[in-house]
Amino acid sequence: MAATALSKKKTTKSQKAPPKKKQKNEFFSTKHTATKELSDHSDTEDEEIVQNEDSEGDIGGSDSVSELSSDGDKPFTDDFLQGSEEDEEKGSGSKSGSGSDSDSDSDEYDIEKKSRAIDEERAREEQEADEEMQLNIKEESDEFRLPTKEELEEESERPPDLPSIQRRIKEIVRVLTNFKNLKQEGAPRKDYIEQLKKDLASYYGYNDFLIGALVEMFPVVELMELIEAFEKPRPMCLRTNTLKTRRRDLADVLINRGVNLDPLSKWSKVGLVVYDSQVPIGATPEYMAGFYMLQSASSFLPVMALAPQEKDRVVDMAAAPGGKTTYIAALMKNSGIIFANEMKPQRLNSLTANLHRMGVTNTIVSNYDGKQLPKVLGLNSVDRVLLDAPCSGTGVISKDESVKTSKSLEDIQNCAHLQKQLILAAIDMVDANSKSGGYIVYSTCSMMVAENEAVIDYALKKRDVKLVPCGLDFGCPGFIRFREQRFHPSLEKTRRFYPHVHNMDGFFVAKLKKMSNKKPNVDPSDPPENTEEGTRLAENEEEGTRLAKEEVGLSQSVKENSKRERTKLTKEKQDSSDGATGNGNVESLSTASKWKKRKFPSKEDVSKAREEKRQALRAEKRKKSIWRKDEWPCLS
Amino acid sequence: MRPLDESETTIVFGKLFKFVGNNLKNIVGQNPSHEGPDSNPGGYCFRLQKNKVYYVSEALVKRATTIARPNLVSLGTCIGKLTHGGSVHLIVQSLNLLASNAKHKVWLKPTSEMSFLYGNHVLKSALGRITENIAPGDGVVVFSMSDVPLGLGIVAKSTQDCRKLDPNGIVVLHQADIGGYLRMEDEL
């Protein structure tokens, strides 16, 4: 009977309205066991509704029973709305109380009572099972515990269990995104981040330094996207050589050969992206005829920022293998002149081969260290300079996985030092008064702030340059501040590119305009440097002229001496200034002061030495003339 | 970097004459160059650097003088190498210059382009078109059917003889081809 009643009632379960549910809950709890505390859960509510209806049906069907039972049962009538308050009071009573009610029923309905009791038991068990399940789920999801030291030691002994590490990474990311609510008691954020760093390092194969640097730069969710993007290669791109063909024609020819390609993006008119190809894309006759160049999309950017005009004088300071140089030549339509420089002789072959293959005729290739270029080509002599600086390569991990493990803090600092020297050399070569330019573009394929924003900030302090917009609007602006460093606010005009945002290699581009050819050092130590240099130069020149005037007979040799010394001094000044500017700002202060102290005595020494030399020469001259006089009597 | 001296000049011009004939005056003469940042373009000239002959515009030459000899790698277009024996080998980079001025041309069939690009000589079966009145020993520029210059060669037989030749006979001896950019990148 109870079973059929149950099934009948279950169909009407859904029709019951929520307000009635609540009262039924109380109704049920008073009649049967005290399951009131579970009224929160919808599942148990449903169960309760069923049971309520069941009990209701029973009660409706057997009113006589309730009348026959003790007074305690009186409130359990059809009109249970009235009895709800009383039910509450009753419900607060213990289980045993309600149990005793059922026990006190007459024997006639013992079987019914028994079956009801069995139903109650079953219902109770089901509820408790549900509760447990809910509790268990809650426990598992809420309390992600950081592994303790013992667990970590255990793990390090076993071979790394990749799926569990990945799960743990996902869990930590989830916790970190909602840290207040989901964190474990007593675990600071730092612990979570440390564990995440270790897991990422072991799962993806990074060394500690690089993972630490990336964690500092990106929020956690973006960091995961970035690392995932590094695992996949970027699509291969090629650039049409506009000296020889047009993009449309090239695309037609390549499609005929069986290459699946598309125009690159709306920001490039010469780029094509290759999805797949039946023929080797680097060995088609069109490639060999110089119709296109295989390049990554990010390499287009610095040349587009540079925007060389026709008849410009351009220097490319680190040109190999020549993708950017040939692009510059194509934009200039083979006019003007390009100085392509490359320091490593092994890479020169590919540079010259690419230049010739693409039909570039206005280029001079040289093999110098970039820092010496201003001396060779002259200061203030060219219109534009492109410096694609040698860097740590942290943006191109998708091309070269060894970067993950081989870079350390020292490497980054060495790179940054070299880049600072190179950018000053680049700025010195540009003529600020040139009609069509005065621009320097600095780019790296790295994402480290020390190699990008810090170098530009250094250049802004050391030379009279200012940042201008690159013309690449679709990038992310550079950092103005990073942890404890504060940069010049115009650094937001630089652009950063990321693999997970732009589907390109990690890249940084900055465009500087040289305002004047002076070197207005802003550091407090440097103005005395300047004045000192100025005075010394003036003094040297004075001395030189004085010497020339006084000594007519021996003026030649003295002049040469003075000239040599002057040039030596100027060279020293240049070298020391190069050295001073080569170091960081802090270092330059100390070297400048040292340099000052060193030079003062030497200047006086030099003048003294010169006086002595002059006197010695005069004495010799007198001696010689006396000697000749003596000779005559002998001869005669 | 120095200008070519008498003997070298005659050798180089002689070799070029084989390929371009009377168009030599276009190359050597006052061909207005659009290179260089000056507004009045000078002509082109030849320079020698480390046994390689370069064809450069005068404006570039002026500016390249500041670069020391051990550090200067290349200027303008390299067109050939001087050998110990005193002759000059034209190399593939000269193709751009020669193709526009070539006197005699040979066109290859599409199926046999790749064979030439691997460095093989041109057989009669590969010939698509050939200009008239070629004397044996002449220089010729090899094109593909779509007028893409593929390389340089020396003709082995005259045009008349070519017609009578059997399909496996060699028509053009291979001198240089653009496949060299991939095969011989180090030697360029």
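**Which strands does helix H1 of chain B lie across?**

Helix H1 (residues 6-20) of chain B lies across strand S10 (139-144), strand S11 (149-155) and strand S12 (170-177) of chain B. H1(B) runs at about 50° to S10(B). Angles here run from 0 to 180 degrees between N-to-C directions, with axes being lines fitted to C-alpha atoms, for helices over the stretch in contact. Helices (H or I, at least four residues) and strands (E, at least two) are DSSP runs, numbered from the N terminus.

**Before we go on**

This is a predicted model, in which local features need pLDDT of at least 70 and side-chain atom pairs count only at pLDDT 80 or more, while totals for chains, interfaces and linings use all residues. Residues are numbered from 1 along each chain as its sequence is written, chains are lettered from A and ligands numbered from 1 in the order in which they are written, and side-chain values use heavy atoms, with hydrogens and water left out.

**The six-strand sheet of chain B**

Let's look at the strands under that helix. S10, S11 and S12 belong to an open sheet of six strands in chain B, with the order S8-S12-S11-S10-S7-S9 and mixed pairing. Two strands count as paired if DSSP finds at least two bridges between them. Strand S8 (122-123) and strand S9 (127-130) of chain B sit at the edges with a single partner strand each, so one side of each has no neighbour in the sheet.

S9(B) pairs with strand S7 (residues 105-108) of chain B in the antiparallel sense, over three bridges. Find Leu108(B), and you'll see Leu127(B) of S9(B) opposite.

**The five-strand sheet of chain B**

Chain B also has an open sheet of five strands, in the order S1-S2-S3-S5-S6, with antiparallel pairing. Its edge strands are strand S1 (2-3) and strand S6 (88-90) of chain B, and each pairs on one side only. Strand S2 (residues 44-49) and strand S3 (residues 52-57) of chain B are joined by six bridges in the antiparallel sense. Gln49(B) stands opposite Lys52(B) in S3(B).

H1(B) turns up again here: this helix packs on the sheet and touches S1, S2, S3, S5 and S6 of chain B. The direction of H1(B) makes about 35° with that of S6(B).

**Where the two chains meet**

In all, 32 residues of chain B are in contact (heavy atoms within 4.5 Å) with 36 residues of chain A. The area buried between the chains is about 2800 Å², and carbon and sulfur atoms give 61% of that. Buried area is the accessible area (1.4 Å probe) that two parts lose on being put together, summed over both. The rule finds eight residue pairs in polar contact across the interface, both residues at pLDDT 80 or more. A polar contact is a pair of N or O atoms within 3.5 Å; within protein, one must be able to donate a hydrogen and the other to accept it, and residues adjacent in sequence count only if both atoms are side-chain atoms.

On the side of chain B that touches chain A, strand S4 (72-75) is one of the elements that each supply at least two residues. S4(B) gives the largest share, four residues. S4(B) also runs antiparallel to strand S7 (residues 363-366) of chain A, joined by three bridges. The bridge partner of Ile364(A) in S4(B) is Leu75(B).

**Salt bridges**

A salt bridge is a side-chain nitrogen of Lys or Arg within 4 Å of a carboxyl oxygen of Asp or Glu. One salt bridge joins the side chains of Glu231(A) and Lys404(A) (3.0 Å, N to O). That pair links distant parts of the chain, 173 residues apart: Glu231(A) is in helix H13 (residues 220-231) and Lys404(A) in helix H20 (residues 403-406) of chain A.
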